[in-house]
Amino acid sequence: MLRRLQYTGEDWLQGSVESGSAHYFTYRKQKERVTTGIWVYSQPYVRNDVAIVLMDTQGLFDLRTPMEINKAVFSLTTLLSSYQILNVQNRISEDTLQQLEFFVEFARSAVELNNKSAKTKIDLDTFKFQRLEFLLRDWTHFDDETDYDFCRKEMAEFLEETFSRKSHDAGTRDRIVSMFSEMSCFGLGHPGKCVSKKDWDGTLDQLDPEFKLLAGSYFADIFENHIVVKEPLFQG
């Protein structure tokens with residue numbers, strides 16, 4: 001049975017996150033990674049008659065994962081997603097853009113390879129992946145975290161400025177833009193000191209109030225206004 005999303009406003013961040021529960025993505029405060037590969041949430045949600053499947057992936061650049069595994073994980077995520085959120089800390093660095101381009105090119109090569117044997121061909125001249133969003137965690141530059149619309153506007157301007165600085169990037173930015181139908185950016189501040197404590201049990205009431213308000217507005221906006229229906233890539 002598919003679950004229906006019924007949460008609005010601040011209700012998106014009520015209750016607690018249960019570490020180790022079969023009903024949630026697992027988290028732990030530790031140096032070693034927790035997520036390996038690609039994890040899929042146990043139940044789809046239904047919103048506006050669309051089934052929404054949530055995925056989480058391992059961090060791409062820990063020292064234990066071979067590059068071939070990183071390529072496979074990120075490329076599969078790109079192929080499977082209609083709305084892909086790239087979680088980075090503080091800023092969009094040149095390294096992040098170069099790595100993103102590399103992995104997305106790898107995903108595109110899978111589409112090209114399938115095209116050779118598929119009866120129904122994808123027009124590779126116009127083909128694009130769907131939506132990419134940069135989510136900058138620990139973002140400290142909002143003047144007012146309680147004004148969600150203004151924060152969205154600020155981050156759109158930040159993304160435009162970031163992608164306009166391309167005099168020395170050898171075409172990286174232009175190629176990334178050409179590979180996605182939509183691109184956006186948002187930032188979330190630090191959730192609060194509680195998440196750094198080893199004894200934090202996931203109780204969301206302990207989070208910073210402004211973080212809760214902004215994150216709640218962010219999730220509500222995604223699920224109420226930005227549902228992206230997945231377009232099929234591979235056909236027989």
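**Core and sheet of a predicted model**

Q: Of the 236 residues of the chain, what percentage counts as buried?
A: This is a predicted model, in which local features need pLDDT of at least 70 and side-chain atom pairs count only at pLDDT 80 or more, while totals for chains, interfaces and linings use all residues. Residues are numbered from 1 along each chain as its sequence is written, and side-chain values use heavy atoms, with hydrogens and water left out. A residue is called buried under 20% relative accessible area, exposed over 50%, and partly exposed in between, using a 1.4 Å probe and protein chains only. By that rule, the buried part of the 236 residues is 41%.

Q: Which pattern does the chain follow along its sequence?
A: Helices (H or I, at least four residues) and strands (E, at least two) are DSSP runs, numbered from the N terminus. The chain has 5 helices and 8 strands. Read along the sequence, they give the pattern β-β-β-β-β-α-β-α-β-α-α-β-α.

Q: What is the order of the strands in the open sheet of 3 strands?
A: Two strands are said to pair if DSSP finds at least two bridges between them, and S6 and S7 do so in the parallel sense over 7 bridges. Within this pairing, Val-88 stands opposite Leu-136 in S7. The open sheet has parallel pairing, with the order S6-S7-S8.

Q: At about what angle does H2 run to S7?
A: Axes are lines fitted to C-alpha atoms, for helices over the stretch in contact (heavy atoms within 4.5 Å), and angles run from 0 to 180 degrees between N-to-C directions. H1 lies across S6 and S7, and its direction is at about 140° to S6. H2 lies across S6, S7 and S8, and its angle to S7 is about 155°.

Q: How many residues does the largest nonpolar core have?
A: A nonpolar core is a set of buried Ala, Val, Leu, Ile, Met, Phe, Trp, Tyr and Cys residues joined through side-chain atoms within 4.5 Å. In the largest one, the residues with the most contacts inside it are Phe-129, Phe-134, Leu-136 and Phe-186. Elements that each supply at least two residues of this core include helix H2 (94-117), strand S7 (129-137) and strand S8 (180-188).

Q: How far apart in space are Phe-134 and Asn-87, C-alpha to C-alpha?
A: Phe-134 has its place in strand S7, and it counts as buried because its relative accessible area is 0%. Leaving out residues up to four places away in sequence, it touches, among others, Leu-86, Leu-97, Phe-163 and Phe-186. Although Phe-134 and Asn-87 are 47 residues apart in sequence, their C-alpha distance is 6.2 Å.

Q: With the side chain of which residue does the side chain of Arg-131 make a polar contact?
A: Arg-131 lies in strand S7, and it counts as buried because its relative accessible area is 7%. A polar contact is a pair of N or O atoms within 3.5 Å; within protein, one must be able to donate a hydrogen and the other to accept it, and residues adjacent in sequence count only if both atoms are side-chain atoms. Beyond four places in sequence, the residues that Arg-131 touches include Tyr-83, Glu-182 and Val-228. At 3.3 Å, the side-chain partner of Arg-131 in the polar contact is His-226.
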